[in-house]
Amino acid sequence: MRAGRARPLRAADMKKDVRILLVGEPRVGKTSLIMSLVSEEFPEEVPPRAEEITIPADVTPERVPTHIVDYSEAEQSDEQLHQEISQANVICIVYAVNNKHSIDKVTSRWIPLINERTDKDSRLPLILVGNKSDLVEYSSMETILPIMNQYTEIETCVECSAKNLKNISELFYYAQKAVLHPTGPLYCPEEKEMKPACIKALTRIFKISDQDNDGTLNDAELNFFQRICFNTPLAPQALEDVKNVVRKHISDGVADSGLTLKGFLFLHTLFIQRGRHETTWTVLRRFGYDDDLDLTPEYLFPLLKIPPDCTTELNHHAYLFLQSTFDKHDLDRDCALSPDELKDLFKVFPYIPWGPDVNNTVCTNERGWITYQGFLSQWTLTTYLDVQRCLEYLGYLGYSILTEQESQASAITVTRDKKIDLQKKQTQRNVFRCNVIGMKNCGKSGVLQALLGRNLMRQKKIRDDHKSYYAINTVYVYGQEKYLLLHDISESEFLTEAEIICDVVCLVYDVSNPKSFEYCARIFKQHFMDSRIPCLIIAAKSDLHEVKQDYSISPADFCRKHKMPPPQAFTCNTADAPSKDIFVKLTTMAMYPHARLRCMCTCNRCTFCICQNFLNSDLLQSVKNKIFTAVLNRLRGRVAEWGAMLLADDEGSVTHQVHAVSSVEDSIFMESSRGPLFLEARHVTQADLKSSTFWLRASFGATVFAVLGFAMYRALLKQR
């Protein structure tokens with residue numbers, strides 16, 4: 001997907017429309033105000049009540065459709081009034097500047113009536129409107145200011161005149177602004193400071209914008225912040241002016257020529273106190289906050305369609321973002337996140353998303369800290385298992401803002417249907433799931449931890465309440481880096497559909513437990529014998545004494561019968577990290593299920609099996625036996641000759657010669673264990689050498705001829 005500039009979130013994105021209700025005592029001029037706004041002139045005849053007016057979005061400053069509703073005590077009942085109050089977004093209480101009775105009714109009737117019909121925690125914003133200012137030469141503000149200080153839901157007070165058209169447009173602009181940019185969630189007038197929820201939101205925004213995590217916003221970071229929020233960078237002089245304002249009021253607002261968190265919060269407090277709430281709201285909404293200062297579901301969970309049989313993975317841009325996030329918080333540059341560094345990373349989250357089991361799910365260093373590889377692996381695991389949670393986490397980190405994308409969905413790649421991969425015999429996926437199945441205590445946990453490079457000694461240190469049923473790490477297959485995800489399936493008589501879905505199955509049995517293999521065989525026959533999912537059987541705890549399994553046939557014969565690879569011996573009781581050979585095999589089988597790697601030696605359908613059949617054929621076995629017999633007979637003759645020579649030597653050298661014979665016999669034993677070719681090279685006469693070389697060349701030539709012939713046959717078959 002091509003990267004694009006992210007569009008700032010406007011107030012219009014948060015509100016579909018604004019509904020303004022005008023109330024007040026009779027004859028204070030409510031209807032005249034509405035008609036003067038619409039006709040831009042004072043009406044000669046004023047009806048008892050104006051019809052509802054709708055102002056289109058393209059003629060309002062905030063580009064939001066606005067509905068203006070009039071109330072008439074003479075034409076409407078109390079029930080209709082209560083209904084209008086419940087539907088309104090903002091209420092203008094109109095009084096006449098020259099009528100003290102109408103001013104008194106503001107506090108004695110209208111504010112209590114409105115508050116009774118609204119929740120205490122979500123009071124409607126109120127605008128006090130002093131009409132008929134053209135009839136007096138004084139202001140009513142001295143009387144109104146105490147009322148404004150008493151009721152925090154009052155946003156502002158506007159004196160206007162319907163007759164002179166004074167402040168009419170401003171009145172409805174402030175009403176619209178009170179809905180789109182309310183003061184209530186941001187600021188507490190009594191204490192003259194921002195509310196805790198606002199401070200928390202702005203603190204998260206500061207930490208996201210502080211891209212080098214040095215505790216200050218430098219000029220580059222401030223310019224980036226200004227551009228993504230307001231679409232315009234700040235000039236160098238403007239940046240310096242902002243910092244000078246902060247320096248003037250608080251001593252620690254600027255440090256090392258960068259704006260500190262205290263300075264950042266002070267600036268927004270200043271905006272709010274000066275009536276520029278829209279500045280703070282623009283920032284909050286750009287970073288995904290709603291009117292209640294909660295991150296919106298649209299921001300955290302953008303729409304992402306995932307068809308059946310498809311999986312989700314992080315793309316290249318997402319990994320680059322996560323790499324920069326890791327580097328930002330790895331302050332000591334040890335390629336691992338300490339508990340304090342991890343806690344600092346999660347400060348932009350409302351909760352700690354990872355539990356102690358994560359340390360046993362991904363790679364850690366010797367101190368148990370998540371490494372860089374483990375960090376990326378955990379994000380890969382979350383994306384694969386629960387993509388919605390991954391989108392949420394990326395939203396907390398500010399992915400869409402910092403990468404200037406529309407949403408976090410741009411970080412996700414939805415893979416194509418697995419059926420298409422099988423048809424095309426190739427896959428573009430990078431994450432493969434392997435379900436690990438076996439009896440309890442058969443060694444499944446050891447297999448999972450071995451993927452993370454942990455031997456038995458390290459596994460014994462894991463607490464029971466910190467164990468994980470998942471393990472994920474990278475595996476290299478033919479030079480390609482892939483993620484292998486192991487899932488420990490609990491022992492049960494029947495597996496659920498969710499426990500069957502995977503890319504490859506690992507059936508584990510304990511070689512020291514005679515009843516262990518029977519469970520693997522039963523599960524295979526019940527769920528996987530007729531499926532297209534490749535299976536591999538692991539003979540765990542191979543360092544222990546192997547006993548005969550209580551089953552009708554041996555594990556090796558079972559694999560041969562069902563055309564699977566032979567059981568793979570495995571142990572994690574090693575001095576160093578356990579071998580990763582089985583994980584390479586599992587990943588290869590998951591990547592190439594079409595290659596039928598399960599049917600080794602008997603399927604006669606692939607080049608590998610053809611070669612295996614030839615190598616195990618009677619002809620080749622007889623050739624190998626003849627070569628071995630000829631070489632062994634010659635060696636026995638040479639040993640007899642050396643023995644006769646020893647008898648002819650004097651008695652003083654007998655002991656020395658016995659040791660010599662012994663060393664010769666040892667060397668013969670060692671050489672025979674290495675194979676007939678080494679014996680042939682060192683102890684065979686020229687005649688024997690020619691004979692064995694002939695058979696060796698014959699067998700090698702036959703093998704090459706068979707492979708080339710089969711390859712040519714497949715090439716011709718493809719052309720047809």
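Predicted model: local features only at pLDDT ≥ 70, side-chain atom pairs only at ≥ 80, totals over all residues.
View 1. Tyr478 is exposed, with a relative accessible area of 65%. Exposed here means over 50%. Its place is in the loop between strand 17 (residues 470-477) and strand 18 (residues 480-489). Phi of Tyr478 is near 50 degrees, a positive value in a residue other than glycine. Most residues other than glycine have a negative phi.

**View 2. Lys192, also with a positive phi.** The phi of Lys192 is about 55 degrees, although Lys192 is not a glycine. Lys192 sits in the loop between strand 7 (residues 187-188) and strand 8 (residues 193-194). Is Lys192 buried or exposed? Lys192 is exposed, with a relative accessible area of 60%.

**View 3. The largest nonpolar core.** This core has 72 residues. Which of its residues touch the most other members? They are Ile205, Leu284, Phe287, Trp354, Phe375 and Trp379. In soluble globular proteins, nonpolar side chains tend to be buried together.

**View 4. The surroundings of Trp379.** Neighbours within four places in sequence are left aside here. Trp379 is then in contact with Leu314, Leu322, Trp354, Cys390, Tyr393, Leu394 and Leu397. Trp379 also belongs to an aromatic cluster, with Trp354 and Tyr393 among the other members.

**View 5. The edge-to-face pair of Phe321 and Tyr399.** A search of the whole structure finds 25 aromatic pairs. In this one, the ring centres lie 5.0 Å apart. The ring planes stand at 90 degrees, so the pair counts as edge-to-face. Phe321 lies in helix 13 (residues 316-329), and Tyr399 lies in helix 17 (residues 399-402). The pair therefore ties together parts that are 78 residues apart in sequence. Are the two residues buried or exposed? Phe321 is buried, with a relative accessible area of 6%. Tyr399 is buried as well, at 1%.

**View 6. Residues 317-352, annotated in UniProt as "domain: EF-hand".** The annotation comes from an unreviewed entry. How far apart are the end C-alpha atoms of this span? They lie 24 Å apart. The span is 56% helix and 6% strand.

**View 7. Leu331 in the loop between helix 13 and strand 13.** Strand 13 covers residues 336-337. Leu331 is exposed, with a relative accessible area of 55%. Not counting residues up to four places away in sequence, Leu331 touches Asn213 and Glu341. Leu331 and Glu341 are ten residues apart along the chain. Their C-alpha atoms are separated by 7.5 Å.

**View 8. The salt bridge of Asp344 and Lys347.** The side chains of Asp344 and Lys347 meet at 3.9 Å, N to O. Lys347 counts as exposed, at 55% relative accessibility.

**View 9. The salt bridge of Arg19 and Glu52.** The structure holds 27 salt bridges. In this one, the side chains meet at 3.3 Å, N to O. The pair links distant parts of the chain, 33 residues apart. Arg19 lies in strand 1 (residues 18-24). Glu52 lies in the loop between helix 2 (residues 30-39) and strand 2 (residues 53-55). Arg19 is buried, with a relative accessible area of 16%. Glu52 counts as partly exposed, at 39% relative accessibility.

**View 10. A network of salt bridges.** Asp219, Glu240, Lys243 and Arg247 are linked in this network. The side chains of Arg247 and Glu240 meet in a salt bridge of 3.4 Å, N to O. Arg247 counts as partly exposed, at 38% relative accessibility. Glu240 is partly exposed too, with a relative accessible area of 31%. Side chains of opposite charge can pair when their charged atoms come close.

**View 11. Arg109 over the ring of Trp110.** The charged end of Arg109 sits over this ring. The charged end lies 4.2 Å from the ring centre.

Conventions: Residues numbered from 1 in each chain as written. Heavy atoms only, no water. Core = buried A, V, L, I, M, F, W, Y, C linked by side-chain atoms within 4.5 Å. Buried < 20%, exposed > 50% of the residue type's maximum accessible area, 1.4 Å probe, protein only. Contact = heavy atoms within 4.5 Å. UniProt positions renumbered as here; feature names shortened; annotations may be inferred. Helix = DSSP H or I, 4+ residues; strand = E, 2+ residues; numbered from the N terminus. Phe/Tyr/Trp six-rings, centres within 6.5 Å; stacked < 30°, edge-to-face > 60°. Lys NZ or Arg CZ within 6 Å of the ring centre and 35° of its normal. Salt bridge = Lys/Arg side-chain N within 4 Å of Asp/Glu carboxyl O.
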